[in-house]
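Take a look at the protein below.

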Amino acid sequence: MSAALSKLAKSMTPYGKYFPLKNVYLNTASAGPLNLFAKKKLDELDKRWLTGDADFEEETFRMLDEIRKMGAQLIGADADEIGFCPNTSYGLNICIAGLDLKPGDEAAVSELEFPAGVYALKLLEQKGVTIRYLKTEKGYLTPEELAVSLTPHTQVFLTSYVQFFNGYKHDLAAFAEICHNNGTLLVVDGIQGVGNQVLDVHQTGVDFLAAGGQKWLLSAGGTGFFYCSSKLQKKLRPAYSGWLAVDWKLDWSELWKKDLIPFDSARRFEVGSYPHEAVRHFHQSLVLLHKVGVAKIERYNKGLLDLLAEYLSDSPYHLRGPLEAPHRSSILSFTHPQAEGLVRYLKSKKIAVSLREGGVRVSPNFYNTPEEMGQLASELRRFAGRKVGKK
Ligand SMILES: Cc1ncc(COP(=O)(O)O)c(C=O)c1O
């Protein structure tokens with residue numbers, strides 16, 4: 001292990017106490033584990049709620065304000081460009097359903113895109129928009145492949161920041177340049193990268209991004225945030241509206257008011273009451289992520305995956321990628337003819353990974369250790385050396 005990784009691992013040790021994991025959990029790309037730092041706040045709320053103290057609404061609103069700020073810091077946006085959403089799909093729909101498109105327009109997406117984006121885009125077929133699934137040669141869409149695929153009719157291109165099955169991190173800046181030169185909007189599913197990769201949406205030129213909180217943001221299902229650039233906010237038509245899309249200034253004494261105007265921020269796309277428990281969970285997990293620091297998380301997770309890559313390079317397993325620095329993420333994936341059996345075997349050894357599109361997906365985070373990566377490598381070695389037919 002390199003001295004740099006060893007130093008990073010030491011600096012992560014204090015956070016281990018929040019994650020009483022009973023297995024080697026290398027599966028954050030599926031779901032982030034509950035952490036005790038957030039659980040404390042949930043318990044406090046439950047106690048108040050159980051005893052009839054329902055006066056926690058103001059705290060929820062304060063936390064939501066902070067969530068918008070912390071979300072903005074995570075991706076280099078301004079707080080008024082961030083709104084709360086219950087998952088990635090809902091966030092993407094805020095954008096897609098709000099676009100003023102007409103028959104003959106086109107939307108483009110990689111053929112390898114996760115279904116959250118694909119099915120959100122399919123809504124546009126009702127408007128006569130054609131969805132084009134862009135072909136890929138190498139297991140990811142290159143900027144060159146995108147450039148030759150866009151047409152004068154392509155109004156929107158949707159892409160994951162980090163691909164779910166092989167962890168390939170797309171070059172969003174290159175995508176943005178190609179899209180904008182063509183008058184095409186760049187919409188990003190950020191869930192597999194936000195919280196583990198340093199991203200600046202202003203610098204890269206992303207127009208819209210959504211990320212559920214349930215994976216790398218270490219929150220409960222039912223949380224997430226979206227980014228809508230201030231420029232796009234002026235163009236996007238809210239597909240829904242609701243009483244919390246307008247500013248009551250936390251004064252609920254005159255609810256018959258009919259003339260309040262929508263927030264002059266991304267918040268105008270939030271429509272109704274919030275999940276109080278999930279908001280607390282999300283808030284605390286974001287505080288924790290900020291304490292650790294995303295730049296550090298990015299470096300540490302890469303260091304952990306380097307250990308795996310080193311083992312894989314001289315093994316019967318076939319690395320699926322990525323290994324080129326700009327496209328690395330906190331996910332590494334490899335294949336093996338018995339991938340399904342391997343994932344089951346690892347589970348029996350209390351190592352959690354995922355099977356995705358025929359490959360084994362490994363996704364460590366700052367609560368994992370180099371020793372755990374060693375355990376994974378040992379079990380991979382053992383599995384590879386087993387006699388065929390043996391369980
Ligand atoms: C790339 C990607 N997008 C979206 C999701 C989930 O979408 P949602 O938050 O809408 O459930 C996942 C995984 O579940 C994913 O890997």
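## Two domains

In this predicted model, the centres of domain 1 and domain 2 lie 27 Å apart, taken over C-alpha atoms. Domain 1 is made of residues 3–35 + 293–384. Domain 2 covers 42–291.

The two domains touch. Domain 1 gives 27 residues to the contact, and domain 2 gives 25 residues. Which elements of domain 1 supply two or more residues to this side? They are α11 (294–313), β9 (318–321), β10 (332–335) and β13 (359–362). Of these, α11 gives the most, with five residues. By type, the side of domain 1 that touches domain 2 has ten nonpolar, eleven polar and six charged residues.

## Around the ligand

Which residues sit around the ligand? They are Asn 87, Thr 88, Ser 89, Phe 114, Ala 116, Ser 160, Phe 164, Asp 189, Ile 191, Gln 192 and Gly 212. This shell divides into six polar, four nonpolar and one charged.

## Helix α4 and Gly 91

Helix α4 runs over residues 88–96, and Gly 91 is found in it. Is Gly 91 buried or exposed? Gly 91 counts as buried because it has 30 C-beta neighbours inside 10 Å; the cut-off for buried is 20 or more.

Now look for its partners further along the chain. Leaving aside neighbours within four places in sequence, Gly 91 is in contact with Cys 85, Ala 210, Gly 224 and Phe 226. Gly 91 and Asp 189 are 98 residues apart along the chain, yet their C-alpha atoms are separated by 8.9 Å.

## Helix α3

Helix α3 spans residues 57–75. It has 19 residues, so at 1.5 Å a residue it should span 27 Å. Its end C-alpha atoms are 27 Å apart, which agrees. Just after α3 comes Gly 76, with a positive phi of about 70°.

The buried residues in α3 are Met 63, Leu 64, Ile 67, Arg 68, Met 70, Gly 71, Leu 74 and Ile 75. What covers them? The cover includes β2 (82–84), α8 (201–204), β7, β8, α10 (276–292) and α11.

## Helix α13

Helix α13 takes up residues 370–385, 16 residues in number. From first C-alpha to last it reaches 23 Å, close to the expected 22 Å.

In α13, Met 373, Leu 376 and Leu 380 are buried. Why do they count as being on the same side of α13? They cover an arc of only 55° around the axis, and this puts them on the same side. The face turned away from the buried side carries exposed residues: Glu 371, Arg 382 and Gly 385. Among the elements covering the buried residues of α13 are β1 (24–25), α11 and β11 (351–352).

## Pro 364, just ahead in the chain

Pro 364 lies in the loop between β13 and α13. Pro 364 is buried because 30 other C-beta atoms lie within 10 Å. Beyond its neighbours within four places in sequence, Pro 364 is in contact with Leu 26, Asn 301, Leu 304, Leu 305, Ser 330 and Met 373.

Compare Pro 364 with Trp 49. These two are 315 residues apart in sequence. In space, they are 35 Å apart, C-alpha to C-alpha.

## Two positive phi angles

Most residues other than glycine have a negative phi. Leu 218 is not a glycine, but its phi is positive, about 55°. Leu 218 lies in the loop between β7 (208–212) and β8 (224–228). Leu 218 counts as buried because it has 28 C-beta neighbours inside 10 Å.

Lys 350 also has a positive phi, near 60°, in a residue other than glycine. Lys 350 lies in the loop between α12 (339–348) and β11. Is Lys 350 buried, exposed or partly exposed? With 13 other C-beta atoms within 10 Å, Lys 350 is partly exposed.

## Gly 341 in helix α12

Helix α12 holds Gly 341. Gly 341 has 14 C-beta neighbours inside 10 Å, so it counts as partly exposed. Gly 341 and Leu 355 are 14 residues apart along the chain. Their C-alpha atoms are separated by 9.8 Å.

Technical notes: Residues are numbered from 1 along each chain as its sequence is written. This is a predicted model: local features need pLDDT of at least 70, side-chain atom pairs count only at pLDDT 80 or more; totals for chains, interfaces and linings use all residues. A residue is near a molecule or strand if its C-beta atom, placed from the backbone, lies within 6 Å of it. Ala, Val, Leu, Ile, Met, Phe, Trp, Tyr, Cys and Pro count as nonpolar, Asp, Glu, Lys and Arg as charged, and the others, Gly among them, as polar. Domain bounds come from an automatic or database domain assignment. Two residues are in contact if their C-beta atoms, placed from the backbone, lie within 7 Å. Helices (H or I, at least four residues) and strands (E, at least two) are DSSP runs, numbered from the N terminus. The expected span of a helix is 1.5 Å times one less than its number of residues. A residue is buried if 20 or more other C-beta atoms lie within 10 Å of its own, exposed if 12 or fewer, and partly exposed in between; C-beta atoms are placed from the backbone. The arc is that of the directions from the helix axis to the C-beta atoms.
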